[in-house]
Amino acid sequence: MASSSFNSSLASKMSLNLNRVHGASSASATSKSGAALVPRTTLFDHAILPVPSNMPNVNQLCEFVALNNGARAGMAQETSISLTSWHKYAKESFKMDTGYAQLVFDIFFDSMCEGNASDASTVSPAPFALFLYVLAVYKDESLIGGTPRALRADIAYPQLTASDSLSPRSSQQLSPRTVVSGSKASELEKKQISFIQKNVKELLHIVSGSASSTHVHPSQFDAMGAILMAPYGVPQSNLSSLVPFWKGKQELVSVSDLCSWISESLPVQEQPSPARFHSSASSPTKVHGESSVIETAAAERSGGFMLHNISRSTIIRSSQELVPNAPSQEQAWQTSQQKWMKIQNCYDSFIYITAPLHHVVITGCVNCTILIAAANLVTMDNCERSKFIFGCRRLHVANSIDTTLHILTNRQPILLGENHDLIVAPFNALLADCLAMWRFLQIDRSKNRWAEALWISRNASGIVLTGGAIPGFSQMPPQNFFLRHRAVQPAPAFLHRRLAGQPLPSAS
């Protein structure tokens, strides 16, 4: 794939002018937050891995960008780097293991580019270098560090498995991993903003291709679109069009001026007032008042949907429900496939998402059944005793236990941290328009790698990539596999097609 594919893909994601969640206007979102920039969540949500000790530093990344772009101060960045060239450069200059180099290239491509990667795929060097820096510096220890087996709810807290009349899980008790993931999710945007503000000078040096650079060209600054974007709904052709220094100009701007502008343009972190919250004994995970508003607003700023603290409920979301103002199914899909969703801290619930999405994050869910019909990327962490059905290009699973996964994925499922008693099987839902959504997102159902999990861990000698027989990960016996036929009620008109004759995706 040519480098123009990356640039056009990134530009399309950064130039949306679409309605916000719940039909609120984009102007309202901008005025409420007062922010001209927000973090782009994709790499932060899906690209966190254990890293080797010899990850490239800022000087090495600047050299990588300069050599592969031919970048110099004031010059545009138009070239790209192929997978073969990256393998050679990573081995010779970064001393990076070939398997790990392949993995980070594939993850970046799947996160930021359209289509399926191949040996001929290319990426733009500057955004890729930003990703390597994020990978090395921005660490989510809850994902890569693992959860000790002693924190398994059924071992350390046996009272959590007590039954009540409605659920095998008592609603009076909270799993320790659910509490931890909930607090982590509420701080996610704050952590991303803090990372950008702390490292903004280094990030600008990387895109400029020089650790000593004092000025940046607008075409170089556009590479920052890998981790920054305008608030969702604000029109933009590229990231530099938001910068007042470049209004109608194409001249160099000092790094110090850009650092100040970026820091001032990011959202001011609101602090909820504890006195305005309350919790009830019958619903201990319910988030009330200002806290819920802040979390939802943070998601909407970057084009996200939130489903959180759902208990003992059935939730169905189609594209026409997520994008109610779209005049047609096709336009609803065009909108929803640019957006992301977070599902967090839900329990004893059935959640069905039947719209194509860019990426989905599921965290802290217990005793749930969750269907994601079609998404480019899915990350699941800290979940217990649940069933998941995923149709996606790439899947990451971290620190989850006693869970069944029915998967259609074109990449090896990535396992992070400590996972126990995971059972995996092919995608098993028979749902109207699944095949059309997979084609729309370029998910190839004939290349399902559901059984080829890759466990990424760290030991004293470095990063270990483990395939084949993985502890705590097993395939479902064929006699236990069954088809799940889910009718959608109320069903939009386009979901009334006859289901008979639609085959299951290939299991190999």
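## Confidence of the model

Contact means heavy atoms within 4.5 Å. Residues 1–32 stay under 50 in pLDDT, and the model has 73 contacts for them beyond four places in sequence. For the protein chain, the mean pLDDT is 77, with 72% of the residues reaching 70 or more.

This is a predicted model, in which local features need pLDDT of at least 70 and side-chain atom pairs count only at pLDDT 80 or more, whereas totals for chains, interfaces and linings use all residues. Residues are numbered from 1 along each chain as its sequence is written, and side-chain values use heavy atoms, with hydrogens and water left out.

## The chain as a whole

The secondary structure of the protein chain consists of 17 helices and 20 strands. Of its 508 residues, 57% count as buried; buried means under 20% relative accessible area, exposed over 50%, and partly exposed in between (1.4 Å probe, protein chains only).

Among contacts between residues at least 6 apart in sequence, 64% join residues at least 24 apart. The accessible surface of the protein chain comes to about 19800 Å², and carbon and sulfur atoms account for 53% of it. Accessible areas come from the Shrake-Rupley method with a 1.4 Å probe, and for residues only the protein chains shown count as cover.

## Nonpolar cores

A nonpolar core is a set of buried Ala, Val, Leu, Ile, Met, Phe, Trp, Tyr and Cys residues joined through side-chain atoms within 4.5 Å. The largest such core has 75 residues, and those with the most contacts inside it are Trp86, Phe221, Met224 and Ile262. Helix H7 (residues 125–137) supplies the largest share of this core, ten residues. Leaving aside neighbours within four places in sequence, tryptophan 86 is in contact with residues including Phe64, Ile81, Phe128 and Leu132.

A second, separate core has 38 residues, among them Ala332, Met341, Cys346 and Cys392.

Strand S7 covers residues 304–308 and includes glycine 304. Five of the five residues of S7 are buried, so the strand is largely enclosed by the rest of the structure. Gly304, Met306 and His308 lie on one side, with Phe305 and Leu307 on the other, and both faces are covered. In a regular strand the side chains alternate between the two faces of the sheet.

S7 and S9 pair in the parallel sense over five bridges; two strands pair if DSSP finds at least two bridges between them. Lysine 342 in S9 is the bridge partner of methionine 306.

## Helix H16

Serine 336 is also one of the buried residues of helix H16 (residues 329–336), together with Gln329, Ala332, Trp333 and Thr335. These residues cover an arc of only 160 degrees around the axis, which puts them on the same side of H16; the arc is that of the directions from the helix axis to the C-beta atoms. Their cover includes helix H15 (319–322), strand S10 (350–363) and helix H17 (434–440).

## Leucine 415

Leucine 415 is found in strand S14 (residues 414–416) and counts as buried at 3% relative accessibility. Beyond its neighbours within four places in sequence, leucine 415 is in contact with Val397, Leu422, Ala453, Leu454, Trp455, Ile456, Ile470 and Phe473. Leucine 395 is 20 residues away in sequence and 8.7 Å away in space, C-alpha to C-alpha.

## Two loop residues with positive phi

Aspartate 348 has a phi near 55 degrees, a positive value in a residue other than glycine. Aspartate 348 is in the loop between strand S9 (340–344) and S10 and is buried, with a relative accessible area of 9%.

Arginine 385 is likewise not a glycine and has a positive phi of about 45 degrees. Its place is the loop between strand S11 (369–381) and strand S12 (387–398). Arginine 385 is partly exposed, with a relative accessible area of 22%.

Key. Helix = DSSP H or I, 4+ residues; strand = E, 2+ residues; numbered from the N terminus. pLDDT = per-residue confidence, 0-100.
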